[in-house]
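Welcome! Here is a short briefing to read beside the sequence and the 3D view.

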Amino acid sequence: MLAAYPACFYEEHEGGYSVIFPDLGIATQGDDLNDALAMAIDCLAGYVFMSKQEKEALPPPSDIKAIDIDAEYDDYKSAFINIVAVDVEEYAKAHFEIPVKKTLSIPKWLNDTAVARKINFSNVLQQALLKELKIG
């Protein structure tokens with residue numbers, strides 16, 4: 001799923017860039033323009049990914065010509081508006097859905113019973129966490 005939203009890039013007086021997505025109310029920053037763009041992609045992907053996980057509706061992107069760059073922030077060296085786009089599903093696979101190894105302790109009898117029944121521990125833990133966090 002491709003997500004594309006306008007973002008305001010502000011070059012700061014002291015260096016670096018701030019990035020604001022006016023439609024989404026989210027912001028990030030980077031040490032230079034390339035870093036700011038990478039952080040903007042990560043910020044957008046993370047926001048859209050979590051919105052989908054929590055079944056929250058996303059606002060439609062504004063027309064880039066309708067955005068007042070000074071309405072978001074007014075103390076900058078220079079500024080421009082650009083569309084930031086990311087394939088959220090592909091980005092999530094590479095950055096958000098990377099398996100993380102966890103070590104846990106359970107009673108031996110519980111482990112033995114689960115192993116005998118061929119229980120997939122990772123799957124059970126994931127499902128329990130999703131239920132506990134009220135996601136999915």
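The notes below cover salt bridges, a nonpolar surface patch and aromatic pairs.

This is a predicted model, in which local features need pLDDT of at least 70 and side-chain atom pairs count only at pLDDT 80 or more, while totals for chains, interfaces and linings use all residues. Residues are numbered from 1 along each chain as its sequence is written, and side-chain values use heavy atoms, with hydrogens and water left out.

**Salt bridges**

- The structure holds three salt bridges, each being a side-chain nitrogen of Lys or Arg within 4 Å of a carboxyl oxygen of Asp or Glu.
- As background, side chains of opposite charge can pair when their charged atoms come close.
- One of the bridges joins Lys77 to Glu11, with 3.9 Å between the closest N and O atoms.
- This pair links distant parts of the chain, 66 residues apart: Glu11 sits in strand E1 (residues 2–11), and Lys77 in the loop between helix H2 (69–72) and strand E4 (78–87). Helices (H or I, at least four residues) and strands (E, at least two) are DSSP runs, numbered from the N terminus.
- Lys77 is exposed, at 55% relative accessible area. Here buried means under 20% relative accessible area, exposed means over 50%, and partly exposed is in between (1.4 Å probe, protein chains only).
- Glu90 and Lys93 also meet in a salt bridge, at 3.5 Å from N to O. They are three residues apart in helix H3 (residues 88–95), so about one helical turn separates them.
- Lys108 pairs with Asp112, the closest N and O atoms being 2.7 Å apart. Because they are four residues apart in helix H4 (residues 108–116), about one helical turn lies between them.
- Lys108 is exposed, with a relative accessible area of 61%, whereas Asp112 is partly exposed at 37%.

**A nonpolar surface patch**

- Leu104, Ile106, Trp109, Leu110, Val115, Phe121, Leu125, Leu129 and Leu133 make a nonpolar surface patch of about 860 Å².
- The elements that give two or more residues to this patch are H4 and helix H5 (121–133).
- Which element gives the most to the nonpolar patch? H5 does, with four residues.
- Leu125 is found in helix H5 and is partly exposed, at 37% relative accessibility.
- Patches are made of residues with over 30% relative accessible area and no salt bridge; like charges are joined within 9 Å, and nonpolar side chains (Val, Leu, Ile, Met, Phe, Trp, Tyr) within 5 Å. Accessible areas come from the Shrake-Rupley method with a 1.4 Å probe, and for residues only the protein chains shown count as cover.

**Aromatic pairs**

- The structure holds five aromatic pairs. Among them, Tyr10 and Tyr73 are edge-to-face, at 5.1 Å centre to centre with 70° between the planes.
- Tyr10 lies in strand E1 and Tyr73 in the loop between H2 and E4, so this pair ties together parts that are 63 residues apart in sequence.
- Tyr10 is buried at 0% relative accessibility, while Tyr73 is partly exposed at 27%.
- Tyr91 and Phe96 are edge-to-face because their ring centres are 5.5 Å apart and their planes are at 65°.
- Tyr91 is buried at 15% relative accessibility, and Phe96 is partly exposed at 31%.
- Tyr10, Tyr73 and Tyr76 form one aromatic cluster.
- Rings of Phe, Tyr and Trp (its six-membered ring) pair if their centres lie within 6.5 Å; planes under 30 degrees apart count as stacked, over 60 as edge-to-face and the rest as tilted.
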